[in-house]
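Subject: Structure for you to look at

Hello,

Here is the structure I said I would pass on. Please look through it with the notes below.

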Protein chains: 2
Amino acid sequence: MSRLDSFIRRVSAQRDCLNMVSKEMQGRTGIVLEFGLGNGRTYDHLRSLFGPEDIYVFDRQVNAHPDCIPDDDHMILGDVLQTLPAFVDRFEGRAKLAHCDIGTGDKEASIALAMKMSVYLNKLVQTGGYIVSDQDIQVDGWVVQPLPEGVKPGRYFIYQKT
Amino acid sequence: MSRLDSFIRRVSAQRDCLNMVSKEMQGRTGIVLEFGLGNGRTYDHLRSLFGPEDIYVFDRQVNAHPDCIPDDDHMILGDVLQTLPAFVDRFEGRAKLAHCDIGTGDKEASIALAMKMSVYLNKLVQTGGYIVSDQDIQVDGWVVQPLPEGVKPGRYFIYQKT
């Protein structure tokens, strides 16, 4: 499989997982956390599912399409491990969804970052809330959820905090 | 439709168009031109279809995954409108496929670039060869080809030089 093939599968898996979780959560209140703004495509998708007023985006810098940039209140700039502690103070237990698309070419470093982030995510996500991730994050109390049709296990991950 | 949705459709269309054209061309000799290396995903896909020895890639700089970088002989660095004339001198009439994924956010500029490039492409592509493009390039003698199943007209373009 070429890198183009595997990229298409991964991005489609991301979209399908977010769509599925948003359906499961219909009517639930809470904020949504997006880790990595990038070019803003996934933020735009989350916005179409949840509305911009509840979405907080974390990234080191803003490099997105001008139409896909959150306002200053919803854009948390800096190293995520530096910015998360203060964010936890503000929003503990109030997130219904955290989406972590943080993988780089360095698999070990990506998992290490995901594990460090999970300490804060566990405080932010409300009971019954979801974590959707490109990394396999194993945390006590996070229950692996079934994936959408067509998404192969290991390509993307959905957890529900119990 | 979110930017994520439309991105997935566009990249899938690209992959499906390239796959279709490669089937049509089975057994044909000639070089393959890729405009824009980017992160190297599409180059990797072309390489899986055609083999690296026939693929020449044009870009201003190399910014790709280390596994997806052509050797120096096959990487044409610089402004494409500056590098194409000398390339035409070397390879006139010898390309079986040119793939142009050159669109930026600026639609008018993208079409203008495609039209300027088409003068050189018309000299490079052999009779019966294909141009696959993210832009609608209308050139005398380039015949619009049917798209793969599931690819909506206007999302990607295939031409055969007659």
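For the helix packing that follows, an axis is a line fitted to C-alpha atoms over the stretch in contact, and angles run from 0 to 180 degrees between N-to-C directions. Please keep in mind that this is a predicted model.

Packing within chain A

Helix H3 (residues 80-91) and helix H4 (residues 107-124) of chain A pack with their axes 9 Å apart, at an angle of about 10°. Angles under 35 degrees count as roughly parallel, so H3(A) is roughly parallel to H4(A). The crossing of these two helices, H3(A) and H4(A), is left-handed.

On the H3(A) side, the contact is made by Val80(A), Leu81(A), Leu84(A), Pro85(A), Val88(A) and Phe91(A). H4(A) contributes Lys116(A), Met117(A), Tyr120(A), Lys123(A) and Leu124(A). By class, the residues of this contact between H3(A) and H4(A) are nine nonpolar and two charged, with no polar ones.

How the two chains are related

The interface

Between the chains, 18 residues of chain B are in contact with 18 residues of chain A. Two helices of chain B, H1 (3-24) and H2 (41-50), each supply at least two residues of the side that touches chain A. The largest share of that side of chain B, eight residues, comes from H1(B). Sorted by class, the side of chain B that touches chain A has five nonpolar, eight polar and five charged residues.

Helix H2 (residues 41-50) of chain A packs with H1(B) at an angle of about 125°, their axes 7 Å apart. That angle makes H2(A) oblique to H1(B). In this pair, Arg41(A), Thr42(A), Asp44(A) and His45(A) of H2(A) meet Arg3(B), Leu4(B), Asp5(B) and Phe7(B) of H1(B). The residues of the contact of H2(A) with H1(B) comprise four charged, two polar and two nonpolar.

Regards

Conventions. Residues are numbered from 1 along each chain as its sequence is written. Chains are lettered from A and ligands numbered from 1 in the order in which they are written. This is a predicted model: local features need pLDDT of at least 70, side-chain atom pairs count only at pLDDT 80 or more; totals for chains, interfaces and linings use all residues. Two residues are in contact if their C-beta atoms, placed from the backbone, lie within 7 Å. Helices (H or I, at least four residues) and strands (E, at least two) are DSSP runs, numbered from the N terminus. Ala, Val, Leu, Ile, Met, Phe, Trp, Tyr, Cys and Pro count as nonpolar, Asp, Glu, Lys and Arg as charged, and the others, Gly among them, as polar. Angles under 35 degrees count as roughly parallel, over 145 as roughly antiparallel, 65 to 115 as roughly perpendicular and the rest as oblique. A crossing is left-handed if the near helix is turned anticlockwise from the far one by less than a right angle, and right-handed if clockwise.
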